[in-house]
Amino acid sequence: MTEDAGQVRICEYRRCGAPLPPAVGRGSRARFCQDGKTWGRRNLSCRDAEAVLSDAESLRESDTELDDTAVTALAGQVDRVLEPARGLVETLATLRHQLEATTATALAERDAALAETDEHRRQRGRAEAEAAQARDIAETAVSEAAAAEREKVAALGERDEERAAKRAAVQEQQRAEGQLAAVRDELGRVADRADAAAALAGERAAVIATLTAELAAARTALEEERGRGQAAVARAEAAEARAAAVQERLDAAREDHARATAAQDASHEAALDRARAEAERLRAGFDQRLAELQAGHEQTVRSMHDTTTNLGAELRTASGRAEAAERELSRVLGVLRETPELPETLKQLLDRSPERS
């Protein structure tokens with residue numbers, strides 16, 4: 001067979017027709033497959049199989065009379081035997097495609113389940129991180145509460161100091177008042193002595209002068225004591241004012257501490273509740289999805305088992321049909337070989353008739 005340049009060259013064996021590799025260089029070109037492909041039970045190459053068919057055609061074209069009816073019957077028997085085999089091949093190919101599709105679907109579902117499991121693991125890690133952050137916030141709140149408690153203790157100490165200063169001021173005031181009372185008593189006694197001295201003015205002029213001087217000195221001392229008493233009262237009032245201010249700051253600190261503690265406790269409890277709720281929701285979703293995946297996996301396994309069982313049954317049925325067809329073909333060939341009307345040349349041709357392997 002000659003071909004133009006650029007056309008695809010195919011094997012000249014009429015039952016093969018496979019494309020041949022392009023010719024390289026000049027020289028003779030191969031007309032048949034060179035890849036070791038064989039045909040029939042005698043493992044004939046494409047060249048030998050084409051030669052056998054050519055010999056059969058030459059026998060058909062020779063002067064020897066052939067029984068066309070027997071040959072046609074043989075061809076019909078061969079076609080009937082090969083038809084179940086073709087159906088078996090198509091059935092097996094369909095089953096293989098179904099099995100591949102089922103396997104690919106199962107693998108895709110497994111990959112999706114693994115990806116979703118990883119996503120749930122990441123979400124659980126974020127929930128744990130949020131819980132850790134909430135614990136840090138709670139620890140910070142506890143530290144602030146401890147600092148506030150220390151400030152409260154310091155304020156109480158300062159208040160105690162102010163109270164001690166106030167008590168000291170009160171004692172100083174009481175001492176000053178006692179001294180003032182003593183001065184007043186002394187003044188009373190001096191006044192009495194002055195009255196007595198007035199009766200004896202003439203005789204006691206020197207005594208009166210002395211008493212007057214003593215009275216002036218007593219008055220000076222009284223004024224000084226009165227000034228010290230007023231200063232002590234002022235200090236006591238200032239100490240009371242400071243104590244009141246300290247008490248106000250302490251009350252404000254207590255209120256701030258109570259509000260901060262309540263707010264922090266509420267925030268901490270709310271954060272913990274949200275973290276617990278989110279963790280429970282994620283765990284429930286993960287468990288539900290895991291149950292669904294397990295159910296889907298079990299369903300897939302059951303489906304694959306049913307498919308495998310059906311495939312085995314169909315394969316056994318097809319194998320039985322193929323064996324029956326093989327037996328029928330052997331019987332037909334035996335009958336044809338035993339038919340005396342067939343020429344000996346046709347019987348030899350039947351003995352070496354090529355079949356595709």
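Author: Below we go from the overall fold to single residues.

Author: This is a predicted model, so to speak of ground rules: local features need pLDDT of at least 70, side-chain atom pairs count only at pLDDT 80 or more, and totals for chains, interfaces and linings use all residues. Residues are numbered from 1 along each chain as its sequence is written, and side-chain values use heavy atoms, with hydrogens and water left out.

Reader: Fine. What's the secondary structure of the protein chain?

Author: Four helices and zero strands, in the order α-α-α-α along the sequence. Helices here are DSSP runs (H or I, at least four residues), strands are E runs of at least two, and both are numbered from the N terminus.

Reader: And how much of the chain is buried?

Author: Buried residues are 21% of the 357 in the protein chain. The cut-offs are under 20% relative accessible area for buried, over 50% for exposed, and partly exposed in between, with a 1.4 Å probe and protein chains only.

Reader: What share of the contacts joins residues at least 24 apart?

Author: 60%, among contacts between residues at least 6 apart in sequence. Contact means heavy atoms within 4.5 Å.

Reader: Switching topic: which residues stand out in the largest nonpolar core?

Author: That core has 13 residues, and those with the most contacts inside it are Cys-11, Tyr-13, Cys-16, Cys-33, Trp-39 and Cys-46. A nonpolar core is a set of buried Ala, Val, Leu, Ile, Met, Phe, Trp, Tyr and Cys residues joined through side-chain atoms within 4.5 Å.

Reader: What does Cys-11 touch?

Author: Leaving aside neighbours within four places in sequence, Cys-11 is in contact with Cys-16, Gly-17, Ala-18, Leu-20, Arg-31, Phe-32, Cys-33 and Cys-46.

Reader: How many aromatic pairs?

Author: One aromatic pair. Tyr-13 and Trp-39 sit edge-to-face, 5.0 Å centre to centre with 80° between the planes. Both lie in the segment before helix H1 (46–61), 26 residues apart, and both are buried. For the rule, rings of Phe, Tyr and Trp (its six-membered ring) pair if their centres lie within 6.5 Å; planes under 30 degrees apart are stacked, over 60 edge-to-face, the rest tilted.

Reader: Is Glu-50 buried or exposed?

Author: Glu-50 counts as buried because its relative accessible area is 12%. Glu-50 belongs to helix H1, and beyond neighbours within four places its contacts are Glu-12, Tyr-13, Arg-14 and Phe-32.

Reader: And what about Pro-19, buried or exposed?

Author: Pro-19 has 58% relative accessibility, so it counts as exposed. Pro-19 is in the segment before H1 and, neighbours within four places aside, is in contact with Val-8, Arg-9 and Ile-10.

Reader: What's phi doing at Asn-43?

Author: Phi of Asn-43 is near 55°, a positive value in a residue other than glycine. Most residues other than glycine have a negative phi.

Reader: Last one: which residues line the largest cavity?

Author: Ala-113, Glu-116, Thr-117, His-120, Phe-286, Arg-289, Leu-290 and Leu-293. Helix H2 (68–199) and helix H3 (205–338) are the elements giving two or more residues to that lining. The space inside is about 30 Å³. On a 1 Å grid over the protein atoms alone, a cavity is a set of points where a 1.4 Å probe fits but cannot get out, and lining residues have an atom within 4 Å of a point.

Definitions and conventions:
1 Å grid on protein atoms, 1.4 Å probe; cavity = no way out; pocket = protein on both sides within 12 Å on 5 of 7 lines; lining within 4 Å. Points joined across faces, edges and corners; volume = space filled by probe spheres on them.
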